[in-house]
Amino acid sequence: MRTLSYEFSADRPAARRSHVGVVGSGDLEVLMTPANGNARVRVRTSVDGFDTVWRTVLERFFARHRVAASFELNDFGATPGVVTLRLRQAIEEGRA
């Protein structure tokens, strides 16, 4: 199990906590907690060798969605498309 940590600039605070997805084959669980300041992301994954892919996907996402929150991502082999989908669902659910 690997843990990756990232931080991105953010200026839109999330209104409330959210929880989307599940830890299951090819899926991703996202827990979002509102925070002040930047977006902080911790990824726990069982898949080795995709650090660059994670960074690229998250950089693209947070360049568009500057949500100030802490994100816990629990991965079980999700594709970049699933990662983006789950993150979008989390911020939608976290809006007031």
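Which residue does the side chain of Asp51 meet in a salt bridge? The partner is Arg2, with 2.6 Å from N to O; a salt bridge is taken here as a side-chain nitrogen of Lys or Arg within 4 Å of a carboxyl oxygen of Asp or Glu. The model is predicted, so local features need pLDDT of at least 70 and side-chain atom pairs count only at pLDDT 80 or more, while totals for chains, interfaces and linings use all residues. Residues are numbered from 1 along each chain as its sequence is written, and side-chain values use heavy atoms, with hydrogens and water left out.

The structure holds 8 salt bridges. Helices (H or I, at least four residues) and strands (E, at least two) are DSSP runs, numbered from the N terminus. Asp51 is partly exposed at 30% relative accessibility, and Arg2 is partly exposed at 29%. Buried means under 20% relative accessible area, exposed over 50%, and partly exposed in between (1.4 Å probe, protein chains only).

A salt bridge also forms between Glu72 and Arg44, whose closest N and O atoms are 3.4 Å apart. Glu72 lies in strand β6 (residues 67–75) and Arg44 in strand β5 (residues 39–45), so this pair ties together parts that are 28 residues apart in sequence. Glu72 has a relative accessible area of 25% and is partly exposed; Arg44, with 29%, is partly exposed. A network of salt bridges links Arg42, Arg44 and Glu72. Elsewhere, Glu92 and Arg95 form a salt bridge with their closest N and O atoms 2.7 Å apart. Glu92 counts as partly exposed at 46% relative accessibility, and Arg95 counts as partly exposed at 46%.

Strand β6 is largely enclosed by the rest of the structure, because 7 of its 9 residues are buried. Two strands are said to pair if DSSP finds at least two bridges between them. Strand β2 (residues 12–13) pairs with β6 in the parallel sense over 2 bridges, and Pro13 has Ala68 as its bridge partner in β6. Strand β4 (residues 28–34) runs antiparallel to β6 and is joined to β6 by 7 bridges; here Thr33 stands opposite Ser70. β5 and β6 run parallel and are joined by 6 bridges, with Asn74 in β6 as the bridge partner of Arg44. Together, β5, α1 and β6 make a left-handed β-α-β unit. A crossover is right-handed if, with the strands pointing away from the viewer, the path from the first strand over the helix to the second runs clockwise.

Helix α1 has 14 residues and reaches 21 Å from its first C-alpha to its last, close to the 20 Å expected at 1.5 Å a residue; the expected span is 1.5 Å times one less than the number of residues. Its buried residues are Trp54, Val57, Leu58, Phe61 and Phe62. Seen down the axis of α1, these fall within an arc of 120°, so they line one face of the helix; the arc is that of the directions from the helix axis to the C-beta atoms. The buried residues of α1 pack against β1, β4, β5, β6 and α2 (80–93), contact meaning heavy atoms within 4.5 Å. The face of α1 turned away from its buried side carries the exposed residues Thr52, Arg60, Ala63 and Arg64.
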